[in-house]
Every structure is written in C-alpha cells, then in structure tokens.
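Trainee: I am new to this structure. Please take me through one part of it closely.

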Amino acid sequence: MRSIWNGAISFGLVSIPIKLVNATESHSVSFRQIHTEDGGRVRYKKVCELDGEEVPQAEIGKAYEDADGSMIPITEEDLSALPLPTARTIEIVAFVPAGEIDPLQMDAAYYLSANGVPAAKPYTLLREALKRSDKVAVAKYALRGRERLGMLRVVDDVIAMHGLLWPDEIRAPEGVAPETPVTVRDAELDLADALMATLGEVDITTLHDDYRTAVEELIAAKAEGGEGVPAPAPGEESGGGQVIDLMAALENSVRAAKEARGEDAVVTELKPRATPKDTDTKKSTSRATAKKTAAPAHKSTSTRKTAAKKTATKSTAKTTAKKTQAKTTAKTQTKKPTPRKRTA
C-alpha cells in the first residue's frame with residue numbers, strides 16, 4: 001500500500017516516525033458524462049471569467065472570496081508559513097475510553113505504519129499501551145491543507161487512525177424526530193423483539209454491495225450487445241411503501257426472517273402483556289374454580305367414611321353375637337345333670 005503522508009506521532013517526549021496509509025477503498029462503479037446524441041465524452045474546462053481562456057492546472061491558485069465578492073489570493077507559501085505544530089506531526093492530546101467518541105464524528109480511516117527500523121520499538125510501545133489501557137488516543141494532525149482531529153486505536157497488530165469531525169461540525173438533530181405523539185403497544189414491542197431475535201447476529205464480512213453487483217452485470221450485458229438485465233416484476237421492489245398495519249408487517253417480517261434462516265415459519269400471534277389488575281382477576285377466578293371443584297370431593301369422602309363406619313359397626317355386632325352364642329352353648333354342654341332322688 002502506498003503512503004499518502006509522512007510524519008511522526010508525538011507521544012509526550014517520544015517521537016515515532018510513521019507513514020500514513022489509506023485503510024479503506026471505494027469499489028463504487030464510476031460513470032462518465034457523454035453527449036446522448038452521439039456518445040461523445042463531455043469534459044469540463046476550467047476557463048477564466050475575465051478573458052474566457054482555458055487555464056492549465058499549473059496556473060490555478062487559491063483565493064478566499066470576501067463578502068463583497070472580491071478575491072483574496074492565498075499562496076502555498078502563505079499556508080506553509082503558518083505556525084501549525086501539527087504540520088508533520090500527529091500530536092496525541094489525551095487518552096479516553098472508546099465509548100466517549102461519538103460515532104457521528106467518525107470520518108476516513110488510516111493505518112499508521114512504523115517508518116524505519118528505529119521506529120519499531122516506540123511504535124510497539126504505544127500499541128501495547130493502548131491495548132492494556134483499553135482506551136483510544138485523541139490526536140490533532142494536519143492533512144491536505146487543514147488541521148484535523150483523529151482517534152488512534154489498535155487493529156490486530158497495527159495502530160489505526162480514524163479522522164474525526166470537529167465537535168462544532170456535528171449538527172444538532174433539531175426537528176428530525178417525529179413531532180406527532182405516538183403510543184407503541186407492548187404487543188408491537190414483543191413482535192419487534194421477536195424479529196430482532198430471529199434476525200440474530202451476522203458475520204459482517206459476508207455482506208456485500210448488491211447494487212454494485214447489479215450494475216456490473218448490467219454493464220457486462222450491454223457490452224455483449226444485450227439490452228441489460230430485466231426489470232423487477234411489480235411487487236418485487238423493496239421498501240418505499242406506507243406501512244398500514246404495523247402488527248401484520250412485523251408478523252410477516254418475523255415469518256420471512258425465519259424462512260430465510262431455514263427455521264419453522266410459524267408465527268404465534270402475541271397478546272398484550274397482562275396488567276396487575278388482570279393478574280388479580282385470574283387468581284380470584286382460579287381460586288373460586290378450585291373451591292367448586294374441591295367441594296364434591298369432600299362430600300364424597302365424608303360419605304365413604306360414614307359408610308365405612310356403618311359397615312364396621314355391623315361387623316362388630318355380628319362378631320359379638322357369635323361370641324355370645326358360643327359361650328351359651330359351651331355352658332349348656334358342660335353342665336352336669338341333676339341326680340334323681342330314690343324313693344323307698
């Protein structure tokens with residue numbers, strides 16, 4: 001990768017010579033402007049307003065337009081003479097937790113490469129210090145004619161720098177949020193939670209630019225003399241429509257997400273969460289039902305106990321009668337007969 005800037009990281013009294021390398025690249029398909037009548041290329045010409053002549057790049061300079069329309073020329077020598085300490089230095093001003101950096105400030109990303117063998121030791125020292133502190137470094141640097149704000153963090157074994165917008169360059173979101181009062185029901189939140197859970201996580205490295213792929217296919221088809229790719233059928237276009245039934249849209253989204261993941265596409269319609277009042281009513285109903293159900297069982301048990309008691313009484317009476325009869329018989333059998341008196 002080709003470096004676009006050479007300088008040094010100022011880390012207190014430590015200076016680390018580095019080279020700045022672009023960490024990102026654009027894969028967007030570029031188009032040229034043409035004359036639709038004959039296909040000729042349309043080019044821009046830089047023309048001087050005073051004499052109407054085309055001006056070559058070597059003769060083009062910079063100027064600041066004043067409020068009255070007059071131009072104040074600014075040369076490169078004027079800019080280079082400014083007392084800018086960050087002209088060739090990335091000056092670290094603080095170390096802060098990464099969560100304190102607003103993602104809205106994020107701009108271009110760069111890799112910082114150690115420039116030469118002597119830079120390897122201090123470069124590694126700063127990298128390991130950032131790792132151990134679990135913080136990022138906030139720095140100031142100058143690039144392409146202006147001073148900028150940056151954030152240094154560790155990516156694998158490399159120090160990366162994200163260009164940051166200055167705080168006053170972030171616009172306040174005034175008048176952006178919906179002004180109409182809206183109430184979101186619990187059932188809708190439940191379905192939204194279900195949709196989030198169904199979509200789950202994704203390996204971001206597997207995502208790609210579908211639009212760019214379609215444009216490349218269109219160019220390839222036209223290059224072979226074709227008419228391009230067929231337009232999508234009605235109803236296949238995504239988004240743009242007004243959501244009429246939010247619940248139905250959420251349910252359909254959950255169903256589609258499950259089908260895409262190869263899961264069971266059955267979506268259970270979620271009911272609103274029960275309020276404390278509803279819970280108390282359910283408990284009272286359950287208790288009343290339990291009492292009604294338990295009453296017959298209690299009556300049946302008492303009947304069985306009474307019947308068992310009567311049966312036991314009858315059985316005891318029979319046993320007592322048998323014993324009495326047996327004793328009487330035994331006495332009769334064992335009693336001796338009375339001897340008769342003899343008469344003279």
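Which residues in H3 meet which residues in H5?

Mentor: Keep in mind that this is a predicted model. Start on the H3 side. Ala-187, Glu-188, Leu-191, Ala-192, Ala-194, Leu-195, Thr-198 and Leu-199 make the contact there. On the H5 side, they meet Leu-246, Met-247, Leu-250, Glu-251, Ser-253, Val-254, Ala-257 and Lys-258. By class, this contact has 11 nonpolar, two polar and three charged residues.

Now the geometry. H3 covers residues 186-199, and H5 covers residues 246-260. Their axes come within 9 Å and cross at roughly 20°. Angles under 35 degrees count as roughly parallel, so H3 is roughly parallel to H5. The crossing of the two helices is left-handed.

Next, look at the strands. Seven of them close into a barrel, in the order E1-E2-E6-E9-E8-E7-E5. Their pairing is mixed. On average, neighbouring strands of this sheet are turned by 40° against each other, direction ignored.

Strand E5 spans residues 89-96, and strand E7 spans residues 136-143. The two pair in the antiparallel sense, over five bridges. Val-96 stands opposite Val-136 in E7.

One more helix belongs in this picture. H2, residues 120-133, lies across E1, E2, E5, E6, E7, E8 and E9. Helix H2 runs at about 80° to E2, the strand of residues 14-22.

Note on methods. Residues are numbered from 1 along each chain as its sequence is written. This is a predicted model: local features need pLDDT of at least 70, side-chain atom pairs count only at pLDDT 80 or more; totals for chains, interfaces and linings use all residues. Side-chain values use heavy atoms; hydrogens and water are left out. Axes are lines fitted to C-alpha atoms, for helices over the stretch in contact, and angles run from 0 to 180 degrees between N-to-C directions. Helices (H or I, at least four residues) and strands (E, at least two) are DSSP runs, numbered from the N terminus. Angles under 35 degrees count as roughly parallel, over 145 as roughly antiparallel, 65 to 115 as roughly perpendicular and the rest as oblique. A crossing is left-handed if the near helix is turned anticlockwise from the far one by less than a right angle, and right-handed if clockwise. Contact means heavy atoms within 4.5 Å. Ala, Val, Leu, Ile, Met, Phe, Trp, Tyr, Cys and Pro count as nonpolar, Asp, Glu, Lys and Arg as charged, and the others, Gly among them, as polar. Two strands pair if DSSP finds at least two bridges between them.
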